[in-house]
Amino acid sequence: MKVLIQTDRLSKYYGKGGEIKAVDNLDLEVYEGETFGLLGPNGAGKTTAIRLLNCIIKPTSGTARVMGHDILDDDLEVKRVTGLLTESPGLYEKLSAYEFLEFMGALYDVPEDILPRRIEELLKLFGLQKRRDYLLEGYSRGMKQRILIASALIHDPPILFLDEPTSTLDPRAALMVKNLVRKLAEDAGKTIFICSHILPVVEELCDRIGIINKGRLVALGTVDSIKKQTRKDTLEDAFIAITGGVRKKELLSWREQRGTSA
Amino acid sequence: MSLTLLFKDELKGFYKSKIMIFLWVGLPVVVLLFHLITLDTGPIPFSALIAILLASLGGTLASVMITVSIVNERKGHVYDLFFVRPVRRMDILIAKYFAVYVCVTIAALLALTIGFAYDYGTGGAPEMFLEGTLESFVISLSMLAVYTAVGVLIGVASPSVLVGVILIIYGGNQLSAVPMLLPVVFGTSSYFPLAFILGVVTTIILLTLAIIVFNRKKL
């Protein structure tokens with residue numbers, strides 16, 4: 001299988017002397033057509049990894065290649081072959097959905113004879129055709145998320161990065177986004193890289209997952225293989241075993257201690 | 001390519017949020033009101049007074065406008081939309097700078113036109129009120145350029161809108177006065193061209209600083 005994303009000891013450190021290791025020697029390969037999930041607790045380095053791979057920030061050391069383009073030397077080309085939905089992006093709320101997509105398409109130099117058709121197709125795909133001329137300020141959160149994903153696809157990139165695509169959505173909007181991601185992977189053959197700490201989303205959508213903790217990749221494989229490696233029945237248990245979380249019983253232990261002492 | 005697009009987008013944003021109307025109607029109205037309140041301005045023609053007023057009034061407007069816009073967009077993660085796309089960071093700032101400068105300059109020209117019309121209507125001879133006014137206006141435009149650049153720098157560096165506005169009030173006036181005051185300090189005979197050149201140079205320095213900060217900033 002063709003490797004579309006390949007990182008080579010990719011690292012990003014912050015603070016004096018680099019004591020905060022947001023991403024630490026990340027070695028990873030993502031294949032063409034797969035949906036890959038990067039899981040990790042809050043602050044594990046997921047968003048930093050995605051920002052490095054999209055050339056928003058520069059690595060402290062190491063590098064990565066995205067569709068053969070080096071993130072250090074070829075940032076504009078990397079951005080042309082990827083679409084990214086960041087965790088909480090802003091919008092130009094005074095634009096209509098159509099105008100917004102038109103503007104985003106123009107930024108990618110999508111030819112003028114192709115752009116209107118593509119906008120119509122995306123509006124149809126995302127169920128926003130009827131409200132194409134409404135200002136974005138009147139859109140619900142779920143609708144805004146859909147228009148943002150549409151804008152990440154306006155130049156028809158082979159790779160789509162989604163950073164916490166459902167974390168701020170209600171269950172109905174989250175389901176819609178999940179169905180869209182599935183459709184994009186299955187029907188359009190996109191390579192999708194999802195960052196999330198919501199385990200069911202990743203479990204449901206991803207062919208392979210990587211678990212990142214304190215900047216380091218600590219597990220990699222299919223959900224089943226990770227469950228097997230950790231000898232756990234669920235991904236949640238495996239995740240906690242790997243990242244060192246605290247179980248509910250331990251959280252309530254203070255009550256038992258109080259009961260004993262009383 | 002992206003610079004032109006971003007510039008047009010900024011202008012569209014100002015138009016849609018009615019900033020242009022408030023600016024283009026508001027500035028001439030304010031100077032007119034100022035003239036009505038202070039009727040006795042001696043031998044100074046109204047148009048000359050406007051040209052002088054524009055530097056401080058228009059300048060403050062420009063720098064507040066651009067600072068508030070940049071801080072709000074930073075806080076609202078609007079720049080994420082551009083950082084993930086093939087857009088150079090410096091283009092975002094340059095487009096915003098020129099959009100604000102063009103808008104404020106048009107407002108200043110409208111105000112000045114009203115001044116000329118008023119002076120002409122009240123029986124002033126064109127050679128009387130044109131004399132010196134155009135030079136003052138060009139100096140005002142040069143100060144506006146500095147003011148707007150100060151706004152960009154503060155917008156990029158300021159942690160909040162409030163801090164940004166305070167910094168503009170503290171530093172904007174002083175920095176924008178550089179092109180006007182330095183030629184006086186040097187006692188040069190060619191005041192007008194030197195003031196203009198100083199305005200351009202100060203603007204370029206401030207914008208370069210803003211771009212450096214913007215490129216390094218983790219947004």
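Is helix α7(B) mostly covered or mostly uncovered, and how many of its 25 residues are buried? In this predicted model, α7(B) is mostly covered, with 19 of those 25 residues buried; buried here means under 20% relative accessible area, exposed over 50%, and partly exposed in between (1.4 Å probe, protein chains only). The helix takes in residues 133-157 of chain B, and its end C-alpha atoms sit 36 Å apart, which agrees with the 36 Å that its 25 residues should span at 1.5 Å a residue. That expected span is 1.5 Å times one less than the number of residues.

A quick word on the ground rules. Residues are numbered from 1 along each chain as its sequence is written, while chains are lettered from A and ligands numbered from 1 in the order in which they are written. The model is predicted, with local features needing pLDDT of at least 70, side-chain atom pairs counting only at pLDDT 80 or more, and totals for chains, interfaces and linings using all residues; side-chain values use heavy atoms, with hydrogens and water left out.

Now step back to chain B as a whole. It has ten helices and zero strands, both being DSSP runs numbered from the N terminus (helices H or I, at least four residues; strands E, at least two). Its radius of gyration is 18 Å, close to the 17 Å from the globule rule for 219 residues, so chain B is as compact as a globular protein of that length. The radius is taken over C-alpha atoms, and the rule is 2.2 Å times the number of residues to the power 0.38. The C-alpha trace spans about 60 × 40 × 35 Å along its principal axes, and 48% of the 219 residues count as buried.

Next, the inside. The largest nonpolar core holds 140 residues, and those touching the most other members are F100(A), I147(A), F193(A), I209(A), F82(B) and V152(B). Helix α5 of chain B (residues 89-121) gives the most to this core, with 15 residues. Such a core is a set of buried Ala, Val, Leu, Ile, Met, Phe, Trp, Tyr and Cys residues joined through side-chain atoms within 4.5 Å. Beyond four places in sequence, F100(A) is in contact (heavy atoms within 4.5 Å) with residues including L91(A), L136(A), I147(A) and L81(B).

Finally, look at F161(A), which lies in strand β7 (residues 159-163) of chain A. At 0% relative accessibility, F161(A) counts as buried. Among the residues it touches, leaving out those up to four places away in sequence, are I5(A), I50(A), L84(A) and F193(A).
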